Amino acid sequence: MIGRLTGKLVGKHPPQVLVDVGGVAYELDVPMSSFYALPATGEGVTLFTHLVVREDAHTLYGFVTGDERSAFRQLIRISGVGARTALAVLSGLSVSELAQAVSLQDVTRLTKIPGIGKKTAERLLLELKGKLGALGALAGAEKPSDVLNALLALGYSEKEALAAVQGLSPGTPVAEGIRAALKSLAKA
């Protein structure tokens, strides 16, 4: 029903944001990956949305990218996985990391997310196998994950490392990727 909102970001209170669109303020729940990518309060923002209508509430979820929204929609289609669990997964892993975890059937990566136990992680991996499609394009690319691992080994936080790796193309050689990521981290 509501596919995208463009307006001014007027409030940020994790995990919720308030976006003013033509005088109407929309309250959206966002995963932390989207929250960290948002501009400062008072600036313009565009968020892809997903509306969940229940008997007792209408909840609007926002995402910085269409891929995040697509992954969210795949997650909530799984029996026993609600919107809160899907947000937790997307807060703990980027879409490409989720796709990589699914392609490698990596249970331990998912169980590191708060609220995701071993059985839930196994069910997610089973149900998502082959369903992330184009979202999994980075999953086969070892270079960004090698660069990410190198940055983590150098002592950068996962958030910093992910932000630095995001701009790299999948075909970038590891050494070049590390240099480029370190340059972007030095500028920040």
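Biologist: What's the relative accessible area of N149?
Modeller: N149 comes out at 46%, which makes it partly exposed. Buried is under 20% relative accessible area, exposed is over 50%, and partly exposed is in between, using a 1.4 Å probe and protein chains only. This is a predicted model: local features need pLDDT of at least 70, side-chain atom pairs count only at pLDDT 80 or more, and totals for chains, interfaces and linings use all residues. Residues are numbered from 1 along each chain as its sequence is written, while side-chain values use heavy atoms, with hydrogens and water left out.

Biologist: Got it. Which helix does N149 lie in?
Modeller: N149 lies in α7. Helices (H or I, at least four residues) and strands (E, at least two) are DSSP runs, numbered from the N terminus. The C-alpha atoms of N149 and A161 are 8.4 Å apart, and those two residues are twelve apart along the chain.

Biologist: Let's zoom out. How many helices and strands are in the chain?
Modeller: The chain has nine helices and five strands. Going along the sequence, the pattern is β-β-β-α-β-β-α-α-α-α-α-α-α-α, and the C-alpha atoms fill a box of roughly 50 × 40 × 25 Å along the principal axes.

Biologist: And how many of the 188 residues count as buried, as a percentage?
Modeller: That's 36% of the 188 residues. As for contacts (heavy atoms within 4.5 Å), take those between residues at least 6 apart in sequence: 52% of them join residues at least 24 apart.

Biologist: Which residues have the most contacts inside the largest nonpolar core?
Modeller: Those are F72, L75, L90, L98, L110 and L124, in a core of 25 residues. A nonpolar core here is a set of buried Ala, Val, Leu, Ile, Met, Phe, Trp, Tyr and Cys residues joined through side-chain atoms within 4.5 Å. At least two residues of this core come from each of β5 (58–63), α2 (66–76), α3, α4 and α6 (118–128).

Biologist: Where does the largest share of this core come from?
Modeller: From α3, with five residues. There's also another core apart from this one, with eleven residues, V30, F35, L38 and L60 among them.

Biologist: Speaking of which, what phi does Q105 have?
Modeller: Q105 isn't a glycine, yet its phi is positive, about 55 degrees. You'll find Q105 in the loop between α4 and α5 (107–111).

Biologist: And what's the relative accessible area of Q105?
Modeller: It's 34%, so Q105 counts as partly exposed.
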